[in-house]
Amino acid sequence: MSFPSVTVIIPCRNEGLKIKQTADLLLRTEAGSRDEIEIIVVNDGSEDRCCSFLEWKVPPYRKLRLLTTEGIGAARARNLGAGRAKGDILVFCDGHISVQKGWLDTLLEAFSHQEVDAVSPGVGPYDPARTAGYGQTWDEKLEIRWLKRPSDIEPVPLAPGACLAIKKDVFQHVGGFDRGFNSWGYEDVELSLKLW
(Lines give C-alpha, C1' and ligand atoms only; values in the text may rest on other atoms or scores of the structure.)
Protein backbone atom coordinates (compact mmCIF):
# COMPACT_ATOMS: atom_id res chain seq x y z
CA MET A 1 0.00 0.00 0.00
CA SER A 2 1.35 3.44 -0.84
CA PHE A 3 0.81 6.20 1.69
CA PRO A 4 0.52 9.98 1.23
CA SER A 5 3.35 12.25 2.34
CA VAL A 6 3.30 12.85 6.09
CA THR A 7 4.52 15.49 8.51
CA VAL A 8 4.64 14.63 12.22
CA ILE A 9 4.36 17.79 14.35
CA ILE A 10 5.38 17.72 18.00
CA PRO A 11 4.69 20.89 19.99
CA CYS A 12 6.38 20.91 23.39
CA ARG A 13 7.01 23.10 26.40
CA ASN A 14 9.22 22.08 29.34
CA GLU A 15 8.99 18.36 28.61
CA GLY A 16 12.29 17.46 30.29
CA LEU A 17 13.65 14.12 29.11
CA LYS A 18 10.24 13.05 27.79
CA ILE A 19 10.66 14.90 24.47
CA LYS A 20 13.92 13.07 23.76
CA GLN A 21 12.31 9.75 24.72
CA THR A 22 9.40 10.51 22.37
CA ALA A 23 11.78 11.50 19.55
CA ASP A 24 13.85 8.34 20.05
CA LEU A 25 10.71 6.16 19.91
CA LEU A 26 9.45 7.90 16.77
CA LEU A 27 12.81 7.51 15.07
CA ARG A 28 12.81 3.76 15.75
CA THR A 29 9.50 3.37 13.90
CA GLU A 30 8.44 4.04 10.32
CA ALA A 31 8.33 7.76 11.17
CA GLY A 32 12.10 7.74 11.41
CA SER A 33 12.95 5.16 8.80
CA ARG A 34 11.24 6.64 5.73
CA ASP A 35 12.61 9.63 3.86
CA GLU A 36 9.16 10.87 2.82
CA ILE A 37 8.13 11.40 6.45
CA GLU A 38 9.01 14.79 7.90
CA ILE A 39 9.21 15.41 11.67
CA ILE A 40 8.92 18.95 13.08
CA VAL A 41 9.41 19.76 16.78
CA VAL A 42 8.04 23.13 17.89
CA ASN A 43 9.74 24.19 21.12
CA ASP A 44 7.28 26.67 22.57
CA GLY A 45 9.42 28.75 24.92
CA SER A 46 10.73 25.88 27.07
CA GLU A 47 12.88 26.99 29.97
CA ASP A 48 14.27 23.53 30.78
CA ARG A 49 16.40 23.09 27.62
CA CYS A 50 14.38 19.97 26.79
CA CYS A 51 15.12 20.36 23.07
CA SER A 52 18.85 21.03 23.37
CA PHE A 53 19.61 17.56 21.97
CA LEU A 54 18.11 18.73 18.66
CA GLU A 55 20.56 21.61 18.43
CA TRP A 56 23.44 19.12 18.09
CA LYS A 57 22.26 18.15 14.59
CA VAL A 58 23.85 14.72 14.93
CA PRO A 59 22.44 11.43 13.66
CA PRO A 60 19.74 10.35 14.13
CA TYR A 61 18.34 13.78 15.08
CA ARG A 62 19.12 15.38 11.72
CA LYS A 63 15.75 14.06 10.56
CA LEU A 64 13.96 16.30 13.09
CA ARG A 65 13.46 19.96 12.26
CA LEU A 66 13.36 22.30 15.26
CA LEU A 67 11.27 25.48 15.33
CA THR A 68 11.55 27.71 18.40
CA THR A 69 8.95 30.18 19.70
CA GLU A 70 8.65 32.43 22.74
CA GLY A 71 5.64 30.77 24.37
CA ILE A 72 2.73 31.18 21.95
CA GLY A 73 0.64 28.28 23.32
CA ALA A 74 -0.17 24.81 22.01
CA ALA A 75 -2.70 25.88 19.37
CA ARG A 76 -0.39 28.40 17.73
CA ALA A 77 2.62 26.09 18.06
CA ARG A 78 0.67 23.33 16.29
CA ASN A 79 -0.42 25.80 13.59
CA LEU A 80 3.15 26.98 13.13
CA GLY A 81 4.31 23.41 12.54
CA ALA A 82 1.40 22.81 10.14
CA GLY A 83 2.25 25.99 8.24
CA ARG A 84 5.79 24.72 7.63
CA ALA A 85 4.73 21.14 6.87
CA LYS A 86 5.33 19.59 3.46
CA GLY A 87 3.12 16.53 4.02
CA ASP A 88 -0.41 15.92 2.79
CA ILE A 89 -1.25 14.35 6.15
CA LEU A 90 -0.45 16.16 9.41
CA VAL A 91 0.11 14.03 12.49
CA PHE A 92 0.08 16.00 15.74
CA CYS A 93 1.79 14.22 18.64
CA ASP A 94 2.33 15.38 22.19
CA GLY A 95 5.92 15.59 23.35
CA HIS A 96 5.41 12.88 25.95
CA ILE A 97 3.95 9.89 24.13
CA SER A 98 4.99 6.34 23.50
CA VAL A 99 4.39 4.61 20.17
CA GLN A 100 4.86 1.10 18.81
CA LYS A 101 6.19 -0.07 15.47
CA GLY A 102 3.43 0.19 12.89
CA TRP A 103 1.62 3.01 14.68
CA LEU A 104 1.86 5.45 11.79
CA ASP A 105 0.94 2.90 9.12
CA THR A 106 -2.15 1.98 11.14
CA LEU A 107 -3.22 5.64 11.33
CA LEU A 108 -2.60 6.19 7.62
CA GLU A 109 -4.56 3.09 6.61
CA ALA A 110 -7.67 4.76 8.02
CA PHE A 111 -7.42 7.37 5.26
CA SER A 112 -8.13 4.67 2.69
CA HIS A 113 -11.76 5.16 3.75
CA GLN A 114 -12.98 8.12 1.70
CA GLU A 115 -15.11 9.54 4.52
CA VAL A 116 -12.15 9.79 6.96
CA ASP A 117 -10.70 13.29 7.28
CA ALA A 118 -9.06 12.88 10.70
CA VAL A 119 -8.19 9.93 12.89
CA SER A 120 -6.89 9.36 16.39
CA PRO A 121 -5.69 6.03 17.79
CA GLY A 122 -6.45 4.53 21.16
CA VAL A 123 -4.67 6.57 23.80
CA GLY A 124 -3.39 4.76 26.83
CA PRO A 125 -2.03 6.23 30.04
CA TYR A 126 1.47 5.57 31.34
CA ASP A 127 -0.24 4.07 34.40
CA PRO A 128 -0.99 0.43 33.43
CA ALA A 129 -3.82 0.28 35.98
CA ARG A 130 -5.88 2.65 33.85
CA THR A 131 -7.46 1.61 30.57
CA ALA A 132 -6.96 3.13 27.14
CA GLY A 133 -9.52 5.46 25.62
CA TYR A 134 -10.68 5.47 22.01
CA GLY A 135 -11.87 8.96 21.28
CA GLN A 136 -13.82 11.12 23.66
CA THR A 137 -17.28 12.52 24.23
CA TRP A 138 -19.01 14.81 26.71
CA ASP A 139 -21.38 13.81 29.48
CA GLU A 140 -24.47 15.73 30.64
CA LYS A 141 -22.21 18.12 32.63
CA LEU A 142 -20.05 18.71 29.52
CA GLU A 143 -17.15 16.89 31.17
CA ILE A 144 -14.94 14.89 28.82
CA ARG A 145 -15.29 11.11 28.93
CA TRP A 146 -13.23 8.47 27.12
CA LEU A 147 -14.97 6.02 24.82
CA LYS A 148 -14.55 2.24 24.82
CA ARG A 149 -12.67 0.39 22.08
CA PRO A 150 -14.75 0.20 18.89
CA SER A 151 -14.90 -2.90 16.71
CA ASP A 152 -13.80 -0.87 13.68
CA ILE A 153 -13.17 2.73 12.61
CA GLU A 154 -16.10 4.83 13.76
CA PRO A 155 -16.92 8.51 14.22
CA VAL A 156 -16.23 10.06 17.61
CA PRO A 157 -17.34 13.44 18.93
CA LEU A 158 -13.82 14.41 20.04
CA ALA A 159 -10.49 13.23 18.60
CA PRO A 160 -7.80 13.68 21.29
CA GLY A 161 -4.89 15.84 20.26
CA ALA A 162 -2.31 13.66 22.03
CA CYS A 163 -2.02 11.86 18.69
CA LEU A 164 -4.18 13.11 15.84
CA ALA A 165 -3.77 12.65 12.08
CA ILE A 166 -5.66 14.95 9.72
CA LYS A 167 -5.62 15.70 6.01
CA LYS A 168 -3.74 18.97 5.50
CA ASP A 169 -6.36 20.39 3.15
CA VAL A 170 -9.10 19.67 5.71
CA PHE A 171 -7.00 21.25 8.47
CA GLN A 172 -6.58 24.38 6.36
CA HIS A 173 -10.26 24.40 5.36
CA VAL A 174 -11.42 24.53 9.01
CA GLY A 175 -8.82 27.16 9.88
CA GLY A 176 -6.50 24.96 11.96
CA PHE A 177 -6.42 25.25 15.72
CA ASP A 178 -8.05 28.40 17.08
CA ARG A 179 -5.36 31.04 17.57
CA GLY A 180 -7.23 32.42 20.58
CA PHE A 181 -6.09 29.51 22.75
CA ASN A 182 -3.02 30.92 24.50
CA SER A 183 -2.64 28.25 27.17
CA TRP A 184 -2.07 24.53 26.71
CA GLY A 185 -5.20 22.39 26.51
CA TYR A 186 -8.63 22.17 24.87
CA GLU A 187 -7.44 23.15 21.39
CA ASP A 188 -8.28 19.59 20.28
CA VAL A 189 -11.84 20.00 21.58
CA GLU A 190 -12.32 23.16 19.53
CA LEU A 191 -10.81 21.55 16.40
CA SER A 192 -13.07 18.52 16.77
CA LEU A 193 -16.14 20.75 16.94
CA LYS A 194 -15.05 22.54 13.76
CA LEU A 195 -14.48 19.21 12.01
CA TRP A 196 -18.05 18.17 12.77
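Which residues does Asn 43 touch, not counting residues up to four places away in sequence?

1. **What you are looking at.** This is a predicted model. The chain has seven helices and eight strands. Its C-alpha trace spans about 50 × 40 × 40 Å along the principal axes. For 196 residues, a compact globule would have a radius of gyration near 16 Å, and the 16 Å of this chain agrees with that.

2. **The opening question.** Asn 43 has its place in strand E2. With a relative accessible area of 10%, Asn 43 is buried, because the cut-off for buried is under 20%. Leaving aside residues up to four places away in sequence, Asn 43 touches Cys 12, Cys 51, Leu 66, Leu 67, Thr 68 and Thr 69.

3. Of the 196 residues in the chain, 46% count as buried. The accessible surface comes to about 10700 Å², and carbon and sulfur atoms hold 50% of that. If you take the contacts with a separation of 6 or more, residues 24 or more positions apart account for 71% of them.

4. **Helix H4.** Now turn to helix H4, residues 74-84. Its buried residues are Ala 74, Ala 75, Ala 77, Arg 78, Asn 79, Gly 81 and Ala 82.

5. **Helix H7.** The buried residues here are Glu 187, Asp 188, Val 189, Glu 190, Leu 191 and Ser 192. They pack against H4, strand E6 (136-138), strand E7 (144-146), E8 and H6.

6. **A salt bridge across the sequence.** The structure holds ten salt bridges. In one of them Lys 167 pairs with Asp 117, with the closest N and O atoms 3.6 Å apart. Lys 167 lies in strand E8 (residues 163-167), while Asp 117 sits in the loop between helix H5 (103-109) and strand E5 (118-119), so the pair ties together parts that are 50 residues apart in sequence. Asp 117 is partly exposed, at a relative accessible area of 33%.

7. How exposed are the partners in each? Arg 145 and Asp 139 meet through their side chains at 3.0 Å, N to O. Arg 145 counts as partly exposed at 39% relative accessibility, whereas Asp 139 is buried at 16%. The side chains of Glu 55 and Arg 49 also form a salt bridge, at 3.4 Å from N to O. Here Glu 55 is partly exposed at 45%, and Arg 49 is exposed at 54%.

8. **Charge overall.** Stepping back to the whole chain, there are 24 positive and 28 negative charges. Their mean positions are 5 Å apart.

Notes. Residues are numbered from 1 along each chain as its sequence is written. This is a predicted model: local features need pLDDT of at least 70, side-chain atom pairs count only at pLDDT 80 or more; totals for chains, interfaces and linings use all residues. Side-chain values use heavy atoms; hydrogens and water are left out. A salt bridge is a side-chain nitrogen of Lys or Arg within 4 Å of a carboxyl oxygen of Asp or Glu. Buried means under 20% relative accessible area, exposed over 50%, partly exposed in between (1.4 Å probe, protein chains only). Helices (H or I, at least four residues) and strands (E, at least two) are DSSP runs, numbered from the N terminus. The radius of gyration is taken over C-alpha atoms; the globule rule is 2.2 Å times the number of residues to the power 0.38. Contact means heavy atoms within 4.5 Å. Accessible areas come from the Shrake-Rupley method with a 1.4 Å probe; for residues, only the protein chains shown count as cover. Lys and Arg count as positive and Asp and Glu as negative; His and the chain ends are not counted. The place of a charge is taken as NZ of Lys, CZ of Arg, CG of Asp or CD of Glu.
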